[in-house]
Amino acid sequence: MQALTYQGATNVAVKEVDNPKVEQATDAVVRVTSAAICGSDLHMYDGRTEVETGKVLGHEIMGVIQEVGDGVKQLKPGDRVVLPFNIACGDCYNCVRGFTNACLTMNPQMAGAAYGYAGMGPYNGGQAGFVRVPFADFNALKLPGEAGDELERDFLMLADIFPTAWHACELADVQMGSSVAIYGAGPVGLLSIMSARLRGAAEIYCVDMIPTRLDKAREMGAIPINFKEGKPSEQIAALRHQSPLAEALRPGEEKRLEGVDCGIDAIGYQAHDFSDPQHEETQEVLEDLAAVILPTGHAGIIGVYMNDDPGGANEDLKQGIFKIPFGTFWAKGITIGTGQAPVKRYDEMLRDLIIGGQCRPGTIITHEAALEDAPEYYRRFDNREEGMIKVILHP
Ligand code: ZN
Ligand code: ZN
């Protein structure tokens, strides 16, 4: 089969590789119909991880069951499925508590496994014709309809981006009536807007610098904030002070207008410098979150921070040591939530919302391409090409 493989920094190639097989009785092999390129794939593409050469990339995968082992009881060839990017056993201490993002048994290196990702176990990804799914009954979510139908793009978002955005809102404690600031109008940021609206947020701000992304954020129901025009926390406070809410507050409560209840970092460690966007500035988003989140608020840090970054600008950053205004977080009593989403916890609920017609997460997809064109799309996506928000590939 054809597969997109990592060949070194800024070098990926579509190569002919062996088809995956059923190796354990509980495995399935899925014929991939759609696989997305993720912003987090670019950390590997940029040479900012220790991913091994030759690895098949891609952790956002859907398709049709091709073959199952004897131990697979709930799925059969022909079933349409999407794969939560976390590979989990379903039985360990963390899995039974719902933390499939920290499965203890699937990755010899650390807790948590995934398809086609640096440090996440020996599993190949799904930017390929076929992919092997361990413990398929647990790790595949069944879907209605036919491959390539009108919900294909929406269902593909269940592999990572939509549940990840939902998890960001969980970490940030977005509730009915919450005010929310989301940093990043990439796929996770945009679907965080969608998730926050589904959860009943009253006011949503979304920070980015790329006009087409900010337009999309506005279209999805957020107030766009361009960080090139000044510190986001200050812009948000100024807008809050002008809001009709100001008239409704008791004396003293105007302090609520200084920021928001919930802050989401949907950018991660490769953030642009606010005042000099050509440069990377890893800590600025965390500093601004500390400024914008109100006392007793919550921060959801869903953007990726690596603990091992060969491209880090200094010795601390190479080891994932970030300078954050911890005193501010503490003084405000802000709760900080971090880490990968336990996709399975939310995936059936989000699937049912899509089936019920309550949301169309696939509307963030801007480009579709054939697998053989993947290297070109990695390059263009990595260059943050204007208008390119989410790319999906069809093997
Ligand atoms: Zn992803
Ligand atoms: Zn487990």
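Reader: Is Thr10 buried, partly exposed or exposed, and how many C-beta neighbours does it have inside 10 Å?

Author: This is a predicted model, and in it Thr10 counts as partly exposed because it has 13 C-beta neighbours inside 10 Å. Thr10 belongs to the loop between strand E1 (2-6) and strand E2 (12-16).

Reader: And what is phi of Thr10?

Author: Phi of Thr10 is near 50°, which is a positive value in a residue other than glycine. As background, most residues other than glycine have a negative phi. Thr296 also has a positive phi, of about 75°, although it is not a glycine.

Reader: Where does Thr296 sit, and is it buried or exposed?

Author: Thr296 is part of strand E12, and it counts as exposed because 11 C-beta neighbours lie inside 10 Å.

Reader: Okay, E12 then. Which strand does E12 pair with over four bridges, and in which sense?

Author: Strand E12, residues 293-301, pairs with E13 in the parallel sense over four bridges. Within that pairing, Ala299 stands opposite Ile336 in E13.

Reader: What is the order of strands in the sheet?

Author: Six strands form an open sheet in the order E10-E9-E8-E11-E12-E13, and the pairing is parallel. Strand E10 (223-226) and strand E13 (335-338) stand at the edges with a single partner strand each, so one side of each is left without a neighbour in the sheet. On average, neighbouring strands of this sheet are turned by 20° against each other, direction ignored.

Reader: Which strands does helix H9 touch where it packs on the sheet?

Author: Helix H9, residues 284-292, packs on the sheet and touches strand E8 (179-183), strand E11 (260-265) and E12, while its direction makes about 170° with that of E11. The buried residues in H9 are Val285, Leu286, Asp288, Leu289, Ala290 and Val292. Those buried residues pack against E8, E11 and E12, and also against helix H8 (232-242) and helix H11 (326-332).

Reader: Switching to the nonpolar core: which residues touch the most other members of the largest one?

Author: The largest nonpolar core has 122 residues, and Val180, Ile182 and Tyr205 touch the most other members. This core draws at least three residues from each of domain 1 (2-160 + 342-394) and domain 2 (162-338).

Reader: Which residues does Ile182 touch, leaving out those up to four places away in sequence?

Author: With that exclusion, Ile182 touches Gly189, Ser192, Ile193, Ile204, Tyr205, Cys206, Val207, Ala222, Ile264 and Ala266.

Reader: What about strand E3, how many of its residues are buried?

Author: Nine of the 10 residues of strand E3, residues 28-37, are buried, so E3 is largely enclosed by the rest of the structure.

Reader: And which strand does E3 pair with over eight bridges?

Author: That is strand E4, residues 60-68, which pairs with E3 in the antiparallel sense, and there the bridge partner of Ala28 is Val68. Four bridges join E3 to E6, again antiparallel, with Val131 in E6 as the bridge partner of Val30. E3 is also joined to strand E15, residues 391-394, by three bridges in the antiparallel sense, and Ala36 has Ile392 in E15 as its bridge partner.

Reader: Where does Tyr117 lie, and is it buried or exposed?

Author: Tyr117 lies in the loop between helix H2 (93-96) and strand E6 (130-133), and it is buried, with 24 other C-beta atoms within 10 Å. Tyr117 and Lys55 are 62 residues apart in sequence, and their C-alpha atoms are 8.2 Å apart in space.

Reader: What about Gln319, which loop is it in?

Author: Gln319 is in the loop between helix H10 (315-318) and H11, and it is partly exposed, with 13 other C-beta atoms within 10 Å. From Gln319 to Asp308 there are 11 residues in sequence and 5.0 Å in space, C-alpha to C-alpha.

Reader: Last one: what radius of gyration does the chain have?

Author: The chain has 21 Å, which agrees with the value near 21 Å that a compact globule of 395 residues would have. Its C-alpha atoms fill a box of roughly 70 × 45 × 40 Å, taken along the principal axes. Buried residues make up 50% of the 395 residues, and the secondary structure comes to 13 helices and 15 strands.

Technical notes. Residues numbered from 1 in each chain as written. Chains lettered and ligands numbered in written order. Predicted model: local features only at pLDDT ≥ 70, side-chain atom pairs only at ≥ 80, totals over all residues. Pairing = 2+ DSSP bridges. Helix = DSSP H or I, 4+ residues; strand = E, 2+ residues; numbered from the N terminus. Axes fitted to C-alpha atoms, helices over the stretch in contact; angles between N-to-C directions. Contact = placed C-beta atoms within 7 Å. Core = buried A, V, L, I, M, F, W, Y, C linked by C-beta atoms within 7 Å. Buried ≥ 20, exposed ≤ 12 C-beta atoms within 10 Å, placed from the backbone. Domains from an automatic or database assignment. Rg over C-alpha atoms; globule rule 2.2 N^0.38 Å.
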